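Work through the exercises below with the model open beside the text. Each task is followed by a solution in steps.

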Amino acid sequence: ASNFFFHGGTSFNERWAYFPSAGFCLIAALAYDWLEQREIRLAVPLLMVVVTALALRTVVRNRDWKNPFSLGTSMFEAYPDSVRARGYLAWDYVERGDLARAQDLLDGAERIYSEDLTLQENLGSLALRKKDYTAAERHFRKAMRLSAGTSVEGEVVISYASLELQAGNDRKALALLNSVMVSWPGMTRAYSNRA
């Protein structure tokens, strides 16, 4: 559960370490107590070194949270094989107008694990921005397949309908939006897109 030894499914693995860290902290406290009872001259300086090192690490890590781009960059540098880290950073590049760098990151993510729903949506959205409707269609179709039966299926179908609208396939887009309105009534995005 800690993800210390194996990669997990998320790029923010700290949250998986909260509960397992309770046992680690208890063991560390017991070890410190044992050392303090036997050799206090060693225990106190050791504790000071550990606390200082952790405080410095916190200060260094806080710089990564300056803005979304610095966070995405640090996440990618720490985990270059993470599909999500690549996706976050790629979308920061899209917002900066560097579509080529974004495409490189997403293509690399697809080589790592092509069955990621968010990745396929991002690839489709990027292709749509570049007006590459063939690639956008391929990625959105894959995203629809990956989202089948999930809680986000309706949203993915709406995104695919948006592609069809931009590509000039109005009838297909209307059919997709109508299906969303029937299958997931109350999804306001489907109604606004249809209007």
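**Exercise 1.** In what kind of interaction do the side chains of R145 and E115 meet, and at what N to O distance?

*Solution.* The model is predicted: local features need pLDDT of at least 70, side-chain atom pairs count only at pLDDT 80 or more, and totals for chains, interfaces and linings use all residues. Residues are numbered from 1 along each chain as its sequence is written, and side-chain values use heavy atoms, with hydrogens and water left out.

Step 1. R145 and E115 form a salt bridge, with 3.1 Å from N to O. The criterion is a side-chain nitrogen of Lys or Arg within 4 Å of a carboxyl oxygen of Asp or Glu.

Step 2. R145 belongs to helix α7 (residues 133-147) and E115 to the loop between α5 (99-112) and α6 (117-129), so the pair ties together parts that are 30 residues apart in sequence. Helices (H or I, at least four residues) and strands (E, at least two) are DSSP runs, numbered from the N terminus.

Step 3. R145 is partly exposed at 49% relative accessible area, and E115 is partly exposed at 31%. Buried means under 20% relative accessible area, exposed over 50%, and partly exposed in between (1.4 Å probe, protein chains only).

**Exercise 2.** Find the salt-bridge network that contains E137.

*Solution.* Step 1. The side chains of E137 and R141 form a salt bridge of 2.9 Å, N to O. Both residues lie in helix α7, four residues apart, about one turn of the helix.

Step 1. E137 also forms a salt bridge with K172, at 3.4 Å, N to O. K172 is in helix α9 (residues 170-183) and E137 in α7, so this pair ties together parts that are 35 residues apart in sequence.

Step 2. The network links E137, R141, E164 and K172. A search of the whole structure gives eight salt bridges.

**Exercise 3.** Which residues of α5 are buried, and what covers them?

*Solution.* Step 1. The buried residues of α5 are A102, Q103, L105, L106, G108 and A109.

Step 1. Their cover includes α3 (68-78), α4 (83-95) and α6.

**Exercise 4.** Describe the chain as a whole.

*Solution.* Step 1. The chain has 10 helices and zero strands.

Step 1. Its radius of gyration is 24 Å, well over the 16 Å that the globule rule gives for 195 residues, so the chain is more spread out than a compact globule. The radius is taken over C-alpha atoms, and the rule is 2.2 Å times the number of residues to the power 0.38.

Step 2. Along the principal axes, the C-alpha atoms fill a box of roughly 80 × 35 × 30 Å.

Step 3. Buried residues make up 32% of the 195 residues.

Conventions:
Contact means heavy atoms within 4.5 Å.
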